[in-house]
Amino acid sequence: MSEGLGPEGGHSQPAPTITVQDLSDRPAHTPLDRITPVEQVSGVVEETSPSSTSSFELVDMEPAPPLYQPVQPHWFYCRRVDSKDVWLPFSREDSERLEQALSTAGEEEVVVAVEGERYDVRVRERQRYAVYWEQGPSEVRRCTWFYKGDKDTRYMPYPEEFSTNLEEAYMIAVTLDEWKRKLDFPSGETVILHNPKLIMQYQPITLQDEWVSSPSEQTRPRTVKRGVDNITAEIPDGEPETIDHLVFMVHGIGPACDIRFRSIIQCVNDFRSASLSLLGSHYRRGQEEGRVGRVEFLPVNWHSALHGDATGVDEDIQRITLPSISRLRHFTNDTLLDLFFYNSPTYCQTIVDTVASEVNKLHSLFKHRHPEFTGAVSVVGHSLGSLILFDLLTNQKTGSGEADRDEGRNRDPCPLTCDALEQALCRMGLQEHLATLQSVDLDLDSLAMCDETDLTELGIPLGPRKKILSFIRKRHFLQEGRQGTVLLAPGLQALPDPSEDSPSPTVSFGNQSSEASARRQQFLRAQSITSAVDYEYFDVGIGQTNGGIAKGQVSINYPQLAFHPQTFFAFGSPIGMFLTVRGLKRIDPNYTFPTCKNFYNIYHPFDPVAYRIEPMIVSESDLEPMLIPHHKGRKRMHLELKESLTRMSTDLKNNVLGSFRTAWQSLVRMPVAALPPVEDGETTAERSLQETESNTYAHTQSVHEEVESPGSAEDKGRQVKVGMLNGGRRIDYVLQEAPIESFNEYLFAIQSHLCYWESEDTALLLLKEIYDKLGVAFEQPQQ
């Protein structure tokens, strides 16, 4: 097929003029040199020779019903995978919504939310836009006809115009019951309708690769199918509309999050898909009873803000980077340096502000698009992302009631925002000038309107005067950057409908002004240029005399989240190592996050970046981490075999030692002259036999107590109280390694740090924690 008919150029193809020829009227003795390649292939089709099976599919030749039935369209979207365009189907529910919107749209543009309302489709424009993250628009197509060549792995949809012409020719052929018709298109493409179930498409020889010399390869046709039901397309299941819980997922160092170098968006999509599958298998009864909807997972990307044009750090690093081994140095600058950036007070402030503002923005946008949502919110951090969230949650302000939550929603995530003049001066270290400003009735808002002349007249020296003016300028940039509507998609703005009280948005079209964005970048660049570095220790007041859990953090201002997280999950987290390096030797057992009451530290046993938390709380006892069950139940077979062999060797050793100890004690007692007094009627031999039996029974009891069953040991581990960081429950949870990973720990070390996004065991642990709090029972499916 020509390039104009391929998926890449669907809408640029002009309306073809179709020449219809009835191949059945061709003379029986046409000279060979006058037969076209298409006619040669059609003759092969009519003879149904065995060699024709390599060029196209032979199907049942039974005649179709003469009554014409319109084709049922299905909507697809295009996604770029490995430099190729791949067309993927929407769910049947989303496709029906798009089809209904198209039929009722008229000439006006209509926006339809699809894929759990994470994307918006502009129906007439045929474009799909991401809602919660930055992503280029992708083409959307209403598909009715499909093709597949010999080397294609899946059917590809024709452009809509081309499909319309094929459908018209098919309708005429069915209505008149006239087949073996040839359709010639202006681009040189030829489609032959042999019968209702055998339709082939041929490329002109001039469009073939010049290296192909075989005539059979030059005329190899493509199979054409009508309707999505006649092709092997994996149509995804629709997602439940009810959202029970919202989870924000923060990535670690670098732009890639797994071993395949995929972005945080793709990894979170896989994690969401795994959770939907597990809900269907482990919470089936809850879904049937209407008590289980779904959990929404949204990615939080902070890497692009740190390495973008706003901070200019990449340009500064590039100037000092050596030219040798350029690829390795680029990887180091783009990935590993994030660890050093987080320990820098300049860029640590940028990272923390970006994470907090992005989480608050996503939370506000989600509530705007789902006003009926009343569930709780949790956060997940992977690698360095878990440390960022840990520091944020450590420095949250405590509060109670809905009023505190409303205050949190309206609170500025940037540390430059202050509620009072005294607070602002304290942050700038200018408390001594508070009385001067209050003497002329200046508050924070009126101070923002002062210029350098006004401050000079008040007698404020040059140094403090410059600090105040810089604070006012940066605060003004932030306020302007936050003014504006929520961005639904490129070119779409969510505006409140003035005619209704409903919180649902109306959609307007147009280009957003970039002035606020430019000012925001200017502010971030100015903020990245700091003066002296202050590594003072914070004390959040958790009852420790050595500085608290925030000891060792750089002196930055931690923004406040607009909600109180229900649970904090850490994947492959280095939190324990960072706390130790900062000088914190022990976490107070009574400590808990100010606004989050649950914390899980989840790691793979071979993860080189992960560290434990419980030994920093309960240092006097050696607690094994909690083993995360396999999502199919029980332990992995190789782990059970290893435990069985260990238990067998322990039992054998204890039995041998016990028998040897008993025999030795008997030998030692024999030459003793002074024996205990013998009761009346009891011989000395009977007394020795009773002592031997008593010693043997006591040793057997001690061995039985030492060698417990795995179940009892696990129950004992659950009953141990390890502080209040997770409400008195266990904190450290370890995954079970796969059988192939147990052969060589070092070989799978890097992969184990990136395995959490596709781990069904990890996803199931999150679901169990979420739905246990909702009172929904967990079900282990029968194998």
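Helices α9 and α11 cross in a left-handed way, a term used when the near helix is turned anticlockwise from the far one by less than a right angle, with right-handed meaning clockwise. The model is a predicted one, in which local features need pLDDT of at least 70 and side-chain atom pairs count only at pLDDT 80 or more, while totals for chains, interfaces and linings use all residues. Residues are numbered from 1 along each chain as its sequence is written, and side-chain values use heavy atoms, with hydrogens and water left out.

On the α9 side, D338, L339 and Y342 meet L384, L387, I388 and D391 of α11, where contact means heavy atoms within 4.5 Å.

Helix α11 also packs against α10 (residues 345–369), this time at about 80 degrees, again with a stated axis separation of 11 Å. The pair α10 and α11 is therefore roughly perpendicular. I351, V352, V355 and A356 supply the α10 side, and I388, L389 and L392 the α11 side.

What about the chain as a whole? It holds 24 helices and 23 strands, which are DSSP runs numbered from the N terminus (H or I with at least four residues for helices, E with at least two for strands). Of its 783 residues, 45% are buried. Buried stands for under 20% relative accessible area, exposed for over 50%, and partly exposed for what lies in between (1.4 Å probe, protein chains only). Among contacts with a separation of 6 or more, 70% come from residues 24 or more positions apart.

Next come the aromatic rings. A pair of such rings is described by the distance of the centres and the angle of the planes. Rings of Phe, Tyr and Trp (its six-membered ring) pair if their centres lie within 6.5 Å; planes under 30 degrees apart are stacked, over 60 edge-to-face, and the rest tilted. The count by this rule is 25 aromatic pairs. One of them, F271 with F571, is tilted, at 6.1 Å centre to centre and 40 degrees between the planes. Since F271 sits in helix α5 (residues 264–282) and F571 in strand β20 (residues 568–571), this pair ties together parts that are 300 residues apart in sequence. Both partners, F271 and F571, are buried. The pair F593 and F599 is edge-to-face, with 5.8 Å between centres and 80 degrees between planes. F593 has a relative accessible area of 0% and is buried, and F599 is buried at 0% too.

Which residues does F569 touch, leaving aside its neighbours within four places in sequence? They are S378, V379, V380, G381, Y600, I602, L766 and E769. The C-alpha atom of F569 is separated by 7.9 Å from that of S386, 183 residues apart along the chain.

Two charged side chains lie over rings, meaning that NZ of Lys or CZ of Arg is within 6 Å of the ring centre and within 35 degrees of the ring normal: R128 over the face of Y77, at 4.1 Å from the ring centre, and K768 over F778, at 4.9 Å.

Finally, some loop residues have positive phi. E117, in the loop between β4 (111–114) and β5 (119–122), has phi near 65 degrees, a positive value in a residue other than glycine. E117 is partly exposed at 30%. D441 lies in the loop between α14 (434–438) and α15 (444–448), with phi near 60 degrees, and is exposed at 69%.

Definitions and conventions:
Axes fitted to C-alpha atoms, helices over the stretch in contact; angles between N-to-C directions. Parallel < 35°, antiparallel > 145°, perpendicular 65-115°, else oblique.
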